[in-house]
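Dear colleague,

Please find below the structure that I am passing on to you, followed by an account of what was found in it.

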Amino acid sequence: MTSLDGVIRLIHDKQCSFRVSDDVVKDIEDMVVHLVKNLLPKLLKCYPSCHFSVAEVVDAGSYFEQTKIELPNEFDFMLVVEQLSNVDSISLKKGCRDGYARVGVVNQELWDSAKPDDGPERRFEIAMLQFNMFVRETLKLLLSEPIKGRLGEFSMKDITVRGKPYKAFSHVQTLTLIWTKYSHVDIKHPSTKVKILYERQPKEELEICVDLMSCCHSSLSTFNNLLPTMSLKNELLKKNGCHIVLKSCESVKCVEKQTECRLISYTKTEQECMRRLHENWKTVYKVLKWLFHYTEILEVDTYKIKTAILYCSSRRRADSVSLGEGLIKVLYELRKSAYNNRLPGYFNSSLNVWNVSPSYQYLVKYEISFLLKLFSKMQSVSTDNENTYLQENLSVINMWLQSFCSHAAEIAEIKKDRLTGLECFNWQGNLFLEILKDLEPVLKSHSRFAWIPFQMKCCVLGDVFKILTVILVKKISRMWLALL
Ligand SMILES: [Zn+2]
């Protein structure tokens, strides 16, 4: 094993594992699943004047991928609307951009609040919003009294539509529940497998968010003109089909014409792929999630990391991977994306999921390059004992997080200013050098890492040359033109 394997294992066990006992996690999961998969569809069917039903509840999000970290406090589901998921109930057209489709209702009679002059696409939106309203009302009824589990009970805090109507995220409804432990129950703490540094207080109360996203289902063949050939050949997508959610393209042209396109979702297939991953890939994913969580302001979110993990694992013939090797591979993939500003979606390669704003592009590049150098050094030292170098390695990682966080306020400021390309680079280059300055003493105190500050400075200097060359060439060509 390498000294990096030990670090990943330790961070995973100490930071990523759930902070409540396995019994509590299981009890909460059972209650949430029972509520959304059994009670909700049943009661919705009987709800007066509701002509919708749920065809399927699809697991979504990290809890069901088995990659949720820290607390079991977020559950995501997709509710498939039966009436919009038959072969002849909706029509699909190409959207204004890749990954989106214009969806219209074919059967015009179904939804009473639609006006005669509403087009098929507007009717689709009305139908989905109506379905959402029935879901909220049904849940309020269901939770008018607490739901009882084995170790505690759920009560409803609220259920809200995120954001304003027709704005981003209005397609998601969030049910917030409060789980309270029964006072007479004594929970052994924590899960027995893991040795922890200090005893955490057993949780008596926990706030849990359940995100519900309504969607319609359509078989892959109906997306023939909408998805790249690669996606259409994907065996898992063929089996599962795709879903369409209410999330709109938000392009000005579409909003004005009231013909917004809707996002095509591959969640069901993605979930299946994630669940099938070897345990070590999941561990690497969780540790990276934890690590990048501290620098989330730079927009390297979990979806980008997940996409990189899916690519890395699919390229490997062998099922398993060592922790250190897996982490390095994913960081390489992320660095490649940071340099090219591009990371194709795993199930739809025409999409670019690497949407980092120019204000952070250089910082992200330096962050990933730095981590890659650091972890490669740890990976190159093999040891017999998991504890050798462990403290040294951890102290450097801690110092990186600390010095980054201490500059977080300045980093947040960058985005507010509208800067030219050169100013933008200057800001980011200088900030990174400042962060590096805080790190230098600890890096130089370990001979393995001593060269990293110098290498990183060269990295920044390289960009200075590139940018200045571009500016110089522009100036010369302008002068040349003036002379002519
Ligand atoms: Zn559009």
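**Domains and their contact**

The centres of domain 1 and domain 2, taken over C-alpha atoms, are separated by 32 Å. Please note that this is a predicted model. The domain assignment of the protein chain places residues 19–267 in domain 1 and residues 271–482 in domain 2. Across the boundary, 18 residues of domain 1 are in contact with 15 residues of domain 2. On the side of domain 1 that touches domain 2, the elements giving two or more residues are β1 (54–60), α3 (61–65), α5 (229–233) and α6 (235–240). By class, the residues of that side of domain 1 comprise nine nonpolar, six polar and three charged.

**Helix α8**

Helix α8 spans residues 267–276, and its buried residues are Thr267, Lys268, Thr269, Glu270, Gln271 and Met274. The cover over these buried residues includes the strands β1, β2 (74–81), β9 (242–248) and β10 (262–265), together with the helices α3 and α6.

Helix α9 runs over residues 279–293 and has 15 residues. From its first C-alpha to its last, α9 reaches 21 Å, close to the 21 Å expected at 1.5 Å a residue. How many of the residues of α9 are buried? The count is 11 of 15, and the helix is thus mostly covered. The buried residues are Asn280, Trp281, Lys282, Thr283, Val284, Tyr285, Lys286, Val287, Leu288, Lys289 and Phe292. Among the elements that cover them are α1 (3–16), α10 (302–315) and α11 (323–340).

Histidine 12 lies in helix α1. Histidine 12 itself is partly exposed, with 19 other C-beta atoms within 10 Å. Between histidine 12 and leucine 323 there are 311 residues of separation in sequence and 11 Å in space, C-alpha to C-alpha.

**The pair α15 and α16**

Helix α15 (residues 421–444) packs with helix α16 (residues 452–483) at an angle of about 170°, and their axes are 9 Å apart. The two helices are therefore roughly antiparallel to each other. From α15, the residues that meet α16 are Leu422, Phe425, Gly429, Phe432, Leu433, Leu436, Glu440 and Leu443. Their counterparts in α16 are Ile452, Pro453, Met456, Val460, Asp463, Ile467 and Ile471. By class, this contact has 12 nonpolar, one polar and two charged residues.

Is leucine 481 buried or exposed? Leucine 481 is exposed, because 8 other C-beta atoms lie within 10 Å, and a residue with 12 or fewer counts as exposed. Leucine 481 and asparagine 426 are 55 residues apart in sequence, and their C-alpha atoms are 29 Å apart in space.

**Alanine 55 in strand β1**

Alanine 55 belongs to strand β1. With 18 C-beta neighbours inside 10 Å, alanine 55 counts as partly exposed. Not counting residues up to four places away in sequence, alanine 55 touches Val80, Val81, Glu82, Ser85 and His217. The C-alpha atoms of alanine 55 and valine 81 are separated by 5.8 Å, although the two residues are 26 residues apart along the chain.

**Backbone points in the loop between α3 and β2**

Most residues other than glycine have a negative phi. Which values of phi call for a remark here? Glutamine 66 has a phi near 65°, a positive value in a residue other than glycine. Its place is in the loop between α3 and β2, and it counts as partly exposed with 14 C-beta neighbours inside 10 Å. Glutamate 70 is found in the loop between α3 and β2, and its phi is near 70°, a positive value in a residue other than glycine. Glutamate 70 is partly exposed, with 16 other C-beta atoms within 10 Å.

With kind regards

Terms used
Residues are numbered from 1 along each chain as its sequence is written. This is a predicted model: local features need pLDDT of at least 70, side-chain atom pairs count only at pLDDT 80 or more; totals for chains, interfaces and linings use all residues. Helices (H or I, at least four residues) and strands (E, at least two) are DSSP runs, numbered from the N terminus. The expected span of a helix is 1.5 Å times one less than its number of residues. A residue is buried if 20 or more other C-beta atoms lie within 10 Å of its own, exposed if 12 or fewer, and partly exposed in between; C-beta atoms are placed from the backbone. Two residues are in contact if their C-beta atoms, placed from the backbone, lie within 7 Å. Domain bounds come from an automatic or database domain assignment. Ala, Val, Leu, Ile, Met, Phe, Trp, Tyr, Cys and Pro count as nonpolar, Asp, Glu, Lys and Arg as charged, and the others, Gly among them, as polar. Axes are lines fitted to C-alpha atoms, for helices over the stretch in contact, and angles run from 0 to 180 degrees between N-to-C directions. Angles under 35 degrees count as roughly parallel, over 145 as roughly antiparallel, 65 to 115 as roughly perpendicular and the rest as oblique.
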